[in-house]
Amino acid sequence: MAIDFTLTPEQRELQASTRAFARDILAPVVRAADAEADPLRAFQMTKEAYVQAYRAGIAFCMLPTQYGGGGVSNVDLILAAEEVCAVDPGFACTILVNGLGLMPVWYWGSDEQKDRFLRAATSDPTGEYIVGYAVSEPAGSPGGTANFDAPDASPVGIGVTATLDGDHYVLNGRKYWPCNVAGWDGQGANASIVVVRTDPSKGGTEGLSAIMIERGTPGVSFNLISKMGHRLTPNAEIVFTDARVPANNLVEGTRGNGDLLINRNFAWSGPVAGIAAVGVARTAYESALEWARTYTAGGPSPIINHQNVGYVLGDVAARIEMCRCFCWKTAHFLDQHDYHGELIGAMCKIQCTELMFDAVYKCMQVVGVNSLDKQHEFEKLLREAAVLPLYDAGNFGMQRRRVHGVLASPDYNPRALMDDEFVPFTKFMETIDTVPTYQETPLPV
Ligand SMILES: Cc1cc2nc3c(=O)[nH]c(=O)nc-3n(C[C@H](O)[C@H](O)[C@H](O)COP(=O)(O)OP(=O)(O)OC[C@H]3O[C@@H](n4cnc5c(N)ncnc54)[C@H](O)[C@@H]3O)c2cc1C
């Protein structure tokens, strides 16, 4: 039996224990933290839950056991993630970013770097250890993130520079949006990986690398960002002003390959974002169904007895199931192919986050105007669902470009995913759509 969707007893246990954590430990803090106006304070309100997640092995479950991590497969990771995201996807994002910050060290770091950074994360007696992942940059012209692999030299593309000076790199510039980087007190995460321009004379496929910065590095400061959704996870601006970072913090195999790191990272997180969307939509669906079974809207019987309500909720339930299956398949693909899924990870993230945003809104239509009342949870669910197509590499400027790059390659096998075949992702597939093709065409006379 090659295809079997039955969970193993261990997976059921993982699902049940994560569900219990989300219900008993996380859920009680969500409402107040979401309503807190100060983003740092909102994040701090999750600290106790985070420490419990750390102690339960959730916070670094994605790292290999060799370095003290949980060693969970990608399939197991998303089984657990759905349970946390059904309660709060922002909290889950904090944990996801621990992985985005350290998985590249596992993939590309030297043995010394793996020992230093991965073991530090998994052996913190306080349980507060947190890791950032900094790619995104402030809006502007130049600015933004989507064109990180553009072929032009600086100032197009990534703007933060790292210049070698003796045995240190000197960092200058600003990042905007990275999660976790400011830590619990706004003064810095324990460690963060930062994608930098090590060669400003080169384009994005040659001039980028990734370097680890540690808490307390002089010349690094942070400003928290207040956003409309995912309010339990902390996003920040980072300012680098002649920040000196030891040269041996440059993650060895990322030298000149920061572009591949970004694409691989955002592919790994594709099914995690996808399952976050499933978790949010699942909560909206269960609430809408409960509402429809119990409210009459002034009519003679509960609104579930109206055909439109039953049809719409049936469609929503089916789409949740479809997306869950796509996330499982994608995670399985990553497990089969050494954590490479640049194509399927993007496809999964795009389709699940966009379909599930619509599913949440459909649930609101079923409930009607009362879904707008803040005493119910739909307005939060809609805010959370709205984040998912935009974050973790936007579906328009980054994820769809990656899909386009693969499909445009003459070597691409359109049956590869169906046949569970490895899909190579190369620099040749990058840069696509970064140079707009629009040219002024004379109007017909
Ligand atoms: C909760 C949350 C957590 C996040 N965590 C992190 C993190 O840990 N680390 C991190 O670095 N960032 C993080 N981000 C930022 C996030 O990853 C964004 O996806 C990223 O900044 C890219 O945004 P963007 O796609 O809108 O790019 P932008 O560069 O701002 O592009 C904006 C828009 O321009 C258009 N566009 C631009 N170029 C093209 C093109 N070539 N082709 C087609 N369309 C184009 C698209 O419509 C695109 O959506 C986070 C954001 C949130 C909300």
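Helices (H or I, at least four residues) and strands (E, at least two) are DSSP runs, numbered from the N terminus. The model described here is predicted: local features need pLDDT of at least 70, side-chain atom pairs count only at pLDDT 80 or more, and totals for chains, interfaces and linings use all residues. Residues are numbered from 1 along each chain as its sequence is written, and side-chain values use heavy atoms, with hydrogens and water left out.

The protein contains 12 helices and 7 strands. Its radius of gyration is 22 Å, close to the 22 Å that the globule rule gives for 445 residues, so the protein is as compact as a globular protein of that length. This radius is taken over C-alpha atoms, and the rule is 2.2 Å times the number of residues to the power 0.38. Along the principal axes, the C-alpha atoms fill a box of roughly 80 × 70 × 50 Å.

Of the 445 residues, 55% are buried. Buried means under 20% relative accessible area, exposed over 50%, and partly exposed in between (1.4 Å probe, protein chains only). Contact means heavy atoms within 4.5 Å. Among contacts with a separation of 6 or more, 77% come from residues 24 or more positions apart.

Helix α3 spans residues 47-55. Its buried residues are Ala-49, Tyr-50, Val-51, Ala-53 and Tyr-54. Their cover includes α1 (9-35), α5 (89-108) and α6 (111-122). Just after α3, Gly-57 takes a positive phi of about 85°.

Helix α4 covers residues 74-87 and holds Glu-82. Glu-82 is buried, with a relative accessible area of 5%. Neighbours within four places in sequence aside, Glu-82 is in contact with Ile-275, Val-278, Gly-279, Arg-282 and Arg-324.

The strands come next. Two strands pair if DSSP finds at least two bridges between them. Strand β2 (residues 161-165) pairs with strand β3 (residues 168-179) in the antiparallel sense, over 5 bridges. Thr-161 has Asn-172 in β3 as its bridge partner. The hairpin of β2 and β3 has 2 residues between the strands, and Gly-166 there takes a positive phi near 65°. Strand β3 is also joined to strand β7 (residues 235-246), by 9 bridges, and these two run antiparallel. Here the bridge partner of Tyr-176 is Glu-237 in β7.
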